[in-house]
Every structure is written in structure tokens, then in C-alpha cells.
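Biologist: Hello! I would like a close look at a single part of this structure, and I hope you can walk me through it.

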Amino acid sequence: MKSMRKEYRDGGEISISDPQVPLDLLIQWLADAKEVGVSEVNAMSLATVDLQGKPRNRMVLLKHLEDEEIGFFTNIESDKADEISSCSSVAATIWWPKMERQVRIEGVASPMNRDMVEEYHQSRPRKSRIAARVSDQSRPLESREELMHRFEEEEARFEGEDVPLPDHWGGFLIAINRVEYWSGRPSRMHERVVLTKEGGLWSQRRLYP
Ligand SMILES: Cc1cc2nc3c(=O)[nH]c(=O)nc-3n(C[C@H](O)[C@H](O)[C@H](O)COP(=O)(O)O)c2cc1C
């Protein structure tokens, strides 16, 4: 591991033209990553804090981005949902190795309204909707066979019918209050620009890498 070394070439200069539109550059960077063929461009790690103050982290897909808000979908009886209900402060990180770019987002999560969840559920492939119904996410599972059996049963139950949104499936919106853009530059002279919201206004500053 110690001998693994990568020289960053150029994630590009960071220039924020209007800090009052803090996610503008994220939209641009997502489009850039997509253009060069990065898979799962919208995958981000999501950190929460549990009741004991212990941080926990997992990947989710960024599925909503609007103004100063991002969102993702999940099981609302999962560990992450429990953690958000006891501490709504969350942090997310997106890293595109191919682009040599990282985005860190911090904010406050709240449950997404059911209309938004329903709309997304309807847009998903049938098998994903069935999978959402049968997974007691984060709970112990006896065997793989048990899960497959549940899937097949549910598939048969709704054959030829619409697969309804289960009560346990939902999403969270994150009202953002800090965004940091990081770009890999040669000789470890990376760039960091952080945008923070204070008193209703966004300001930007650079940080040492
Ligand atoms: C690339 C990737 C994307 C994922 N996207 C989601 C997602 O959008 N929603 C979700 O609930 N789980 C997603 N997962 C699974 C989660 O990482 C995690 O295993 C699951 O949500 C349970 O987490 P929890 O027990 O901390 O609640 C994804 C996993 C990977 C590797």
C-alpha cells in the first residue's frame, strides 16, 4: 500500500462564478463524469451518526438535485433512516477517480414527501420495485434462499398488475449548508473551494489542500 502512488494530473481549476448557486458546479461535474463514461456517476457515500454518537457510512445514489437540496431513496425502516431520525445532520461525499474530483456535502436530512417517492417508485423497473417490497433492509436475513423465495412470491402476487409502493420505502431530502469542491492537481497542490451558508447567504473561500 505504501508504494502505491498516483500523480494527479489535472482535475481542473475550480472557479465558482456565483456562490449563491452552490450546486451549479456539482451539476457540471456530474455531466463531465457522465460524458467520459464514469459508471454510477451519482453514487455517493452517506454518513450518519447513531444514537451513541458513532459515525456510520454507506453508498447511496443521488437521485434528486434542486437549488440547495439533494435527495436519495431508501428503506425508511433501515439503520440509516433510524440514525437520521435521531440526528438529522448528514454528510455525503462523491469521488470520481477518473475525473480526479471530489465533492463533499453537508446538510440536514428530512423525509421526502410521499408524492415524490411514489413518482420515483413508478419510474423504476418492475424487478426493482419488487425488490424494494421484499427487503427488510438492515435487518438480519436467515439465508439468501429466504430472500429469493420472498422475491418470487411477491412477483407471482402482482403478476399482470402494478407493483405498489410499500409503506417502508421512501426517501430523504438534504437541505445543504456546506459544499466543498476538490480537484486533484500535480505535485499534490490540489484545489479546494468551500461554500458555506451563513445568515441565508453563501460565501466561498479556498482551503489549503
Ligand atoms: C453504488 C451503491 C449504491 C447504492 N445505492 C443505494 C440507494 O440509493 N439506496 C439504498 O437504500 N441503498 C443503496 N445502496 C446500499 C447501501 O450502501 C446500504 O447497503 C443499504 O442502504 C443499507 O444501509 P443501512 O443499513 O446503513 O441503512 C447502494 C450501494 C452501492 C454499493
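Where is the place of threonine 74? Please take me from there to the surroundings of the ligand.

Modeller: Happy to, and please keep in mind that this is a predicted model. Threonine 74 sits in strand S4. Its relative accessibility is 2%, so threonine 74 counts as buried, the cut-off for that class being under 20%. Leaving aside residues up to four places away in sequence, threonine 74 touches Lys80, Gln137, His168, Trp169, Gly170, Gly171 and Phe172. With Lys80 there is also a polar contact, side chain to side chain, at 2.8 Å.

Now to the ligand. Threonine 74 belongs to the group of residues surrounding the ligand, and so do Lys80 and Gln137. The rest of that shell is made up of Arg58, Met59, Val60, Leu61, Phe73, Ser78, Asp79 and Ser138. Sorted by class, the shell holds four nonpolar, four polar and three charged residues.

Strand S2 (55-61), strand S4 (69-75) and helix H2 (79-86) each bring at least two residues to the shell.

Some polar atoms of the ligand can be followed one by one. In the side chain of arginine 58, an N or O atom lies 2.8 Å from an oxygen atom of the ligand. A nitrogen atom of the ligand is 2.9 Å from a polar backbone atom of phenylalanine 73. At aspartate 79, a polar backbone atom is 3.4 Å from a ligand oxygen atom. As for cover, the ligand taken alone exposes 620 Å², and the protein buries 66% of that.

For a contrast in accessibility, have a look at glutamate 155, in helix H5 (residues 144-157). Its relative accessibility is 25%, so glutamate 155 counts as partly exposed, whereas threonine 74 counts as buried. Setting aside residues up to four places away in sequence, glutamate 155 touches Lys127 and Ile130. Lysine 127 and glutamate 155 are 28 residues apart in sequence, and their C-alpha atoms are 8.1 Å apart in space.

Key
Residues numbered from 1 in each chain as written. Predicted model: local features only at pLDDT ≥ 70, side-chain atom pairs only at ≥ 80, totals over all residues. Heavy atoms only, no water. Near = heavy atom within 4 Å. Polar contact = N/O pair within 3.5 Å; in protein donor to acceptor, adjacent residues only side chain to side chain. Areas by Shrake-Rupley, 256 points an atom, 1.4 Å probe, with all protein chains shown as cover. Helix = DSSP H or I, 4+ residues; strand = E, 2+ residues; numbered from the N terminus. Nonpolar A, V, L, I, M, F, W, Y, C, P; charged D, E, K, R; others polar. Buried < 20%, exposed > 50% of the residue type's maximum accessible area, 1.4 Å probe, protein only. Contact = heavy atoms within 4.5 Å.
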